[in-house]
Amino acid sequence: MAKKPEIIDESGDKYKYGFVTNIESDTVPKGLNEDIIRLISHKKNEPAWLLEKRLAAYRFWLNMKEPTWAKLSYDKINYQDLFYYAAPKQKAAPKSLNEVDPALLDTYNKLGIPLKEQEVLAGVVAVDAVFDSVSVATTYRAKLAEQGIVFCSMSEAVKNHPDLVQKYLGSVVPYTDNFFACLNSAVFTDGSFVYIPKGVKCPMELSTYFRINAKNTGQFERTLIVADEGSYVSYLEGCTAPQRDENQLHAAIVEIVVLKDAEVKYSTVQNWYPGDKDGKGGVYNFVTKRAACRGDNAKVSWTQVETGSAVTWKYPSCILQGDNSCGEFYSVAITNNRQQADTGTKMIHIGKNTRSKIISKGISTGFSNQTYRGLVKVAPNAFNARNYSQCDSLLIGSTCGSHTVPYVENRCRSAVLEHEATTSKISDEQLFYCKQRGIGEEEAVSLIVNGFCKEVMQQLPMEFAIEAAKLINISLTGSIG
Amino acid sequence: MGGLIQNIKLIGADLPKLEALREKGRNSFLSQGLPTAKTEAWKYTRVRELADDDFVMEETCGSDCSKEHSSCCCQGKCALPFDAYEIHFCDGKLREDHFHLPEGVQALPLIDAVAENETTAFLNKSFEMQNFPFAALNTAYLEQGVFLRVESGVCLDKPLAFIHHSHGGVKRFANLRNIVVLETGAQATLIEVYQYSGEAKSEYCNNIVNEIFIGRQAVLRHYKIQSEALKAVHIALNAVKVRENGLYESFCRQKGANLARQETHVVLQESGAEAVVNAVYMMNGWATLDTTTDIEHLAQNTRSNQLVKGVVGGQAKGVFQGKIHIAPNAVQTEGYQLHKALLLSDEAEVDVKPELEIFADDVKCSHGATCGELDAEQLFYLQSRGIGAEEARQMLIEAFVDESFQMIKDDNIRHWMKSF
């Protein structure tokens with residue numbers, strides 16, 4: 001107990017990923033206009049059809065308004081004051097890890113994903129690391145290729161698999177979708193591309209690591225996952241950014257196409273820099289994530305642990321088109337200090353016998369504010385659709401806020417929809433019980449919170465679950481007292 | 001025609017304060033306009049009917065006019081099956097100027113109350129016009145309505161009933177404003193009935209605002225039946241403020257109208273204040289019935305409870321939007337909300353938005369929402385015992401809504417509301 005003041009003092013500086021790597025980076029001039037987009041496209045040697053897509057999105061974006069409906073307040077973003085492309089400078093595209101800049105590899109080691117080590121040791125995860133705007137290295141590629149699995153950066157996919165990219169890119173999130181998605185469609189720089197062929201069960205977990213390093217850059221990555229009939233893949237995504245006083249913008253798109261009988265499991269641990277304890281700096285995280293279950297019996301599952309970002313605006317969604325398709329959303333969001341999170345999901349039931357499940361756990365502490373915003377929509381012909389939603393919020397301290405805004409729209413008689421939400425604090429009895437057994441207050445809180453989130457954490461793959469549990473503890477420090 | 005802002009002569013033009021308020025209402029409504037799909041508070045309820053531009057705001061004519069009304073009303077139809085102090089309205093106009101009420105209860109036509117400066121602390125004090133376009137419109141036409149005050153410590157022996165009759169004929173748009181004030185320790189039961197006595201397909205619109213002020217330890221039980229004509233529009237706002245240990249308990253049954261919205265906005269201002277807002281809506285045809293609640297807990301130790309049940313058939317649409325707001329420092333509060341809807345046909349629709357907005361940690365809040373059809377197993381169970389399919393359906397529907405009706409404590413009122 002005596003140590004508590006010290007912990008509170010440290011609370012804003014607990015971000016262990018706040019280092020900056022001094023790598024020469026290749027940026028395009030600040031600002032956004034058609035020339036910049038042409039330049040990005042040119043730098044990446046893109047085909048003409050992609051440039052056309054980008055320009056169409058940009059022109060559409062010019063007439064769009066930034067959305068204001070979310071319960072978020074942040075300084076206006078000056079879109080002309082950002083660098084839209086920052087790539088670590090290199091002579092040529094790396095062929096193997098040996099050619100990757102050692103300083104860069106060192107950064108990833110600090111982050112805890114030793115690429116080299118993984119290549120040598122019998123790891124279970126194949127990693128695609130995205131540094132600022134471009135994908136740096138993709139491990140285990142050869143091994144995956146044996147089974148016909150494509151796991152590479154988006155730029156490579158555009159070159160090597162144009163037919164697949166052209167067919168699916170923008171088919172789940174069209175550029176007209178929303179302000180941030182449209183911006184991303186115009187300026188996206190890199191991201192991961194995954195294609196799992198028919199009937200293939202991906203033998204290992206695929207993973208992408210995103211990091212914003214350069215100053216004043218926006219990161220606009222774009223991920224596309226296509227799971228062909230009968231396939232299965234589990235995909236992990238992690239994010240960090242260095243500690244900076246100014247806000248960084250992150251506007252990503254993740255599109256998932258799930259065909260007949262296929263299953264995709266997508267897990268995220270989002271740990272972008274949340275700003276200091278007075279709310280200075282931090283990442284603005286505006287992400288559009290959507291999965292379309294196009295075929296019968298398709299299944300998609302989103303699991304997210306959100307501990308970072310100053311502002312989060314994120315609604316991973318499922319469009320359940322195929323009959324008997326299934327969508328799941330598991331979320332833990334923890335906000336501390338001045339963080340704001342407006343997050344949730346959309347479940348659109350179109351096919352018959354479609355099922356969806358939403359489990360959302362929110363923990364707010366400090367001066368933070370958190371909103372669950374979700375939509376469950378049942379189309380007239382989605383017979384026997386079934387949804388179960390549960391949103392629980394835990395408030396720690398009297399200066400934070402927790403809000404729940406679910407929308408339920410049902411147009412089908414045989415659909416059964418249930419939604420429940422509760423808000424409470426950690427009960428004094430629970431705390432007392434722990435303390436009585438010699439567990440410190442801070443430890444007790446983290447124990448209780450971990451128990452509160454258990455349902456979601458169980459959904460995470462093993463190595464992520466450990467990291468996520470640690471992150472939760474870090475995020476909670478200084479939250480009581 | 002100039003839309004819903006029409007230049008008509010209203011009584012009380014010689015009262016400068018009133019005129020200024022009307023002007024404010026007009027400006028507020030004009031700047032907001034009619035709500036659209038983009039208006040978050042009206043996301044699911046379209047008011048296209050009102051944009052048609054052919055509604056008529058009626059002037060109140062002289063004394064002979066009211067006589068004519070009193071003769072046309074079918075007294076028998078609206079009689080309550082229990083004893084009550086009745087105040088009648090015809091097409092949105094008060095039918096009498098004098099009311100027979102017991103001692104300790106003061107009732108005046110709104111205009112008279114304004115003229116006597118009785119309403120200064122209350123008129124337009126329970127809501128912000130910029131959040132309620134129809135209340136702003138109502139303010140622009142302030143004229144009709146009742147000012148009612150139950151004095152400190154008085155308990156009304158019988159319920160007080162506002163009985164509204166609407167006739168067909170012109171597409172009349174009526175604005176009505178009632179103010180109900182319960183002083184410290186007062187207790188009253190208020191009943192509101194809206195029904196029609198003309199053609200079932202009459203088109204008219206009633207826009208009602210009730211401003212209710214509940215004093216310390218005071219209790220108001222408020223029951224409402226909305227059974228307007230099938231093509232009518234009914235928009236009502238109950239704006240309620242509750243002080244220390246006061247209780248506001250309401251139950252609203254909606255079954256008529258083509259478009260109806262019952263909005264209840266309760267502010268629990270002081271510690272110990274409590275609100276119970278229950279409702280049932282049942283409809284067929286093409287109607288849209290909207291139940292919207294917003295409970296603001298501003299003080300510690302406040303409680304609220306809501307139970308809303310809906311049965312939707314035909315091509316109708318049921319809407320429920322409920323919000324519980326808990327202010328910082330409003331600790332040890334409890335807020336519960338439950339909405340259940342039953343869909344009876346393939347073309348029916350239910351849209352629900354229950355919302356929690358919580359800024360304090362020591363609270364217990366929850367909401368639940370479910371939606372589904374009649375349970376096939378239950379139907380089978382009843383049928384296997386020799387009950388016909390249709391009868392079994394009716395039994396299950398009745399049982400479904402009965403849970404809400406059980407919340408009405410007074411037996412007479414409960415039976416009347418159930419069987420209406």
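Tutor: **An enclosed helix and its surroundings**

Helix H9 (residues 179–187) of chain A has eight of its nine residues buried, so the rest of the structure largely encloses it. Buried means that 20 or more other C-beta atoms lie within 10 Å of the residue's own; 12 or fewer means exposed, anything in between partly exposed, and the C-beta atoms are placed from the backbone. Helices (H or I, at least four residues) and strands (E, at least two) are DSSP runs, numbered from the N terminus.

This is a predicted model: local features need pLDDT of at least 70, side-chain atom pairs count only at pLDDT 80 or more, and totals for chains, interfaces and linings use all residues. Residues are numbered from 1 along each chain as its sequence is written, while chains are lettered from A and ligands numbered from 1 in the order in which they are written.

Which residues of H9(A) are buried? They are Phe180(A), Ala181(A), Cys182(A), Leu183(A), Asn184(A), Ser185(A), Ala186(A) and Val187(A). Their cover includes two helices of chain A, H2 (34–43) and H3 (48–62). It also includes strands S9 (222–227), S12 (253–258) and S14 (282–293) of chain A.

Now widen the view to chain A. It has 12 helices and 25 strands. Of its 481 residues, 55% count as buried. Two residues are in contact if their C-beta atoms, placed from the backbone, lie within 7 Å. Among chain A contacts with a separation of 6 or more, 83% are between residues 24 or more positions apart.

Next, the strands. In strand S18 (residues 326–335) of chain A, nine of the 10 residues are buried. Strands pair if DSSP finds at least two bridges between them. S18(A) pairs in the parallel sense with strand S15 (residues 299–306) of chain A, over eight bridges. There, Trp302(A) stands opposite Phe329(A). S18(A) also pairs in the parallel sense with strand S21 (residues 355–365) of chain A, over 10 bridges. Cys326(A) stands opposite Arg355(A) in that strand.

Strand S24 (residues 401–410) of chain A takes us to the other chain. It is mostly covered, with 10 of its 10 residues buried. Side chains in a regular strand alternate between the two faces of the sheet. In S24(A), Gly401(A), His403(A), Val405(A), Tyr407(A) and Glu409(A) point one way. Ser402(A), Thr404(A), Pro406(A), Val408(A) and Asn410(A) point the other way. Strand S22 (residues 369–378) of chain A runs parallel to S24(A), joined by 10 bridges. Lys377(A) stands opposite Glu409(A).

S24(A) also runs antiparallel to S19(B), with six bridges. Asn410(A) faces Val350(B) there, and His403(A) stands opposite Glu357(B).

How many residues does each chain bring to the contact? Chain B brings 31 and chain A brings 29. On the side of chain B that touches chain A, strand S19 (349–358) and strand S20 (363–372) are the elements that give two or more residues. That side divides into 15 nonpolar, six polar and 10 charged residues. Here Ala, Val, Leu, Ile, Met, Phe, Trp, Tyr, Cys and Pro count as nonpolar, Asp, Glu, Lys and Arg as charged, and the others, Gly among them, as polar.

Finally, chain B. It has nine helices and 20 strands. Its radius of gyration is 21 Å, close to the 22 Å of the globule rule for 420 residues, so it is as compact as a globular protein of that length. That radius is taken over C-alpha atoms, and the rule is 2.2 Å times the number of residues to the power 0.38. The C-alpha atoms fill a box of roughly 70 × 50 × 45 Å along the principal axes. Buried residues make up 50% of the 420.

Phe29(B) lies in helix H1 of chain B. Phe29(B) is buried, with 24 other C-beta atoms within 10 Å. Leaving aside neighbours within four places in sequence, its contacts are Ile5(B), Pro133(B), Ala136(B), Leu137(B) and Ala140(B). Its C-alpha atom and that of Phe82(B), 53 residues apart along the chain, are separated by 40 Å.
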